[in-house]
Amino acid sequence: STMIRLCASILSIIAASSAFTPSIQINSHRHQTLLKSSQLPGIGQPTELPDSLEDAAQQAAKCCDDLVKFGDRTRCRVDFDTSVGDETYTTLKSSLTFGVEFIKSLSYALIPGAQQLKQDQMMRDIQAKAELTQLEEEIGPIESEEELRNNPNFERINQLQQIVMNSGVMEEETKWNGPIFRVYFPDEGSAALARRDWKINTAEALVPPCVSLSSVGGVQAHDTSRDVVNLFFCPKASEAEFVEDILYKTEASGNIVLSVFLNPNLVDMGVTGFGMAGRMLRERLLDDLAVSYYLRTLQWGALTRAWPSDFSVWQEDENSDGGYRLIKSLDNLPSNPEVEDIYDIENGLMNAPKDGPGFLNALGDFVNGMTRL
């Protein structure tokens, strides 16, 4: 009874610490707005910096979940870049660690049954460890392997050790028959590598069994009838046509709760150009994406946003709590030049611009528009 109370207490803590719980009905692709946007906490407030990469991923997942519940949106983007200009790793490779935690957290939020399955597995693991400890205390020291094999509890001990080794995951739980969270990689090669590295469909998988990995290129032969979430993982300009095709076809089913673009780079000078092709792509697709989460580290600080709060510019400051101080919050994503101007003005390196029309202001608006592409 003590063990049962302990397990129940641990599970209650897990449930309480979870930032969100599954609440999405599968067959409703348009969701009622539960709260008016003006009533949402965080509107008009600065966005705090995350404590860690894991914290950032969990925040991003919660923002996407909130966007669906309260923002009545079915498309959004998440931008995460901590490279500070370091091009050692590609955007895809540097996004993988963040992506695993983000996908896991968003799956628990949006896929019915996913979080409950995880809690059941944790309970099973806790119970197995407790029973194993109790058996070891009852049996006492074992002098040889033969003595262990002759013990009447030998088979049960083996079973419990296997449960603990698999963190409570049973073999049959690696195959998922419910709604699907589908992740689209830019090509089949990167999808295959992720299947291997993330140990998909095994007891050691880094993401829940509801997650299925595909690629945007090639023949789309997989069954998408159970898909409820699309995640386009670092889509590039060269795949823009395929991405649009998949997006429209899957949304037409009426089952898609949310389509997320993680670190999209769909407008590129060498592929789409910054002319008519790039502008049309923006109008068709990119302009409709709500920025649910944004984090970009800078040489001197960071720019972040957690929907529905503001975009906030932070500067490193060893005298401030956490090592950073807020220097500006905006309701729209600032361009790169605007971010640098905010820093320069804050640190006395330039004067704040004067309001009013003029050639330089118009030129600045044009440059800012180009940099946002």
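Tutor: In this predicted model, the count of aromatic pairs comes to nine. One of them joins tyrosine 294 and phenylalanine 311, whose ring centres are 6.2 Å apart. A pair of aromatic rings is described by the distance of the centres and the angle of the planes. Ring centres must lie within 6.5 Å to pair, and planes over 60 degrees apart count as edge-to-face. The planes of tyrosine 294 and phenylalanine 311 stand at 70 degrees, so this pair is edge-to-face.

Tyrosine 294 belongs to strand β6 (residues 290-297) and phenylalanine 311 to strand β8 (residues 311-316), so the pair ties together parts that are 17 residues apart in sequence. Buried means under 20% relative accessible area. Tyrosine 294 has 10% and is therefore buried; phenylalanine 311, with 3%, is buried too. Elsewhere, ring pairs link Phe80, Phe98 and Phe102 into a cluster.

Another buried residue is serine 215, at 7% relative accessibility. Serine 215 is part of strand β3 (residues 211-215). Its side chain makes a polar contact with the side chain of glutamate 188, at 3.2 Å. Leaving out residues up to four places away in sequence, serine 215 touches Tyr184, Phe185, Asp187, Glu188, Ala191 and Gln220.

Helix α6 (residues 154-165) can be checked by its length. At 1.5 Å a residue, its 12 residues should span 16 Å, and the end C-alpha atoms are 16 Å apart, which agrees. The buried residues in α6 include Phe154, Ile157, Leu160 and Ile163. An α-helix has 3.6 residues a turn, so residues three or four places apart point the same way. Among the parts that cover the buried residues of α6 are α4 (114-139) and α5 (145-149). After α6 comes serine 167, with a positive phi near 55 degrees.

Proline 41 is in the loop between α1 (2-17) and α2 (53-71). In sequence, proline 41 and proline 308 are 267 residues apart, while in space their C-alpha atoms are 7.9 Å apart.

Key:
Residues are numbered from 1 along each chain as its sequence is written. This is a predicted model: local features need pLDDT of at least 70, side-chain atom pairs count only at pLDDT 80 or more; totals for chains, interfaces and linings use all residues. Side-chain values use heavy atoms; hydrogens and water are left out. Helices (H or I, at least four residues) and strands (E, at least two) are DSSP runs, numbered from the N terminus. The expected span of a helix is 1.5 Å times one less than its number of residues. Buried means under 20% relative accessible area, exposed over 50%, partly exposed in between (1.4 Å probe, protein chains only). Contact means heavy atoms within 4.5 Å. A polar contact is a pair of N or O atoms within 3.5 Å; within protein, one must be able to donate a hydrogen and the other to accept it, and residues adjacent in sequence count only if both atoms are side-chain atoms. Rings of Phe, Tyr and Trp (its six-membered ring) pair if their centres lie within 6.5 Å; planes under 30 degrees apart count as stacked, over 60 as edge-to-face and the rest as tilted.
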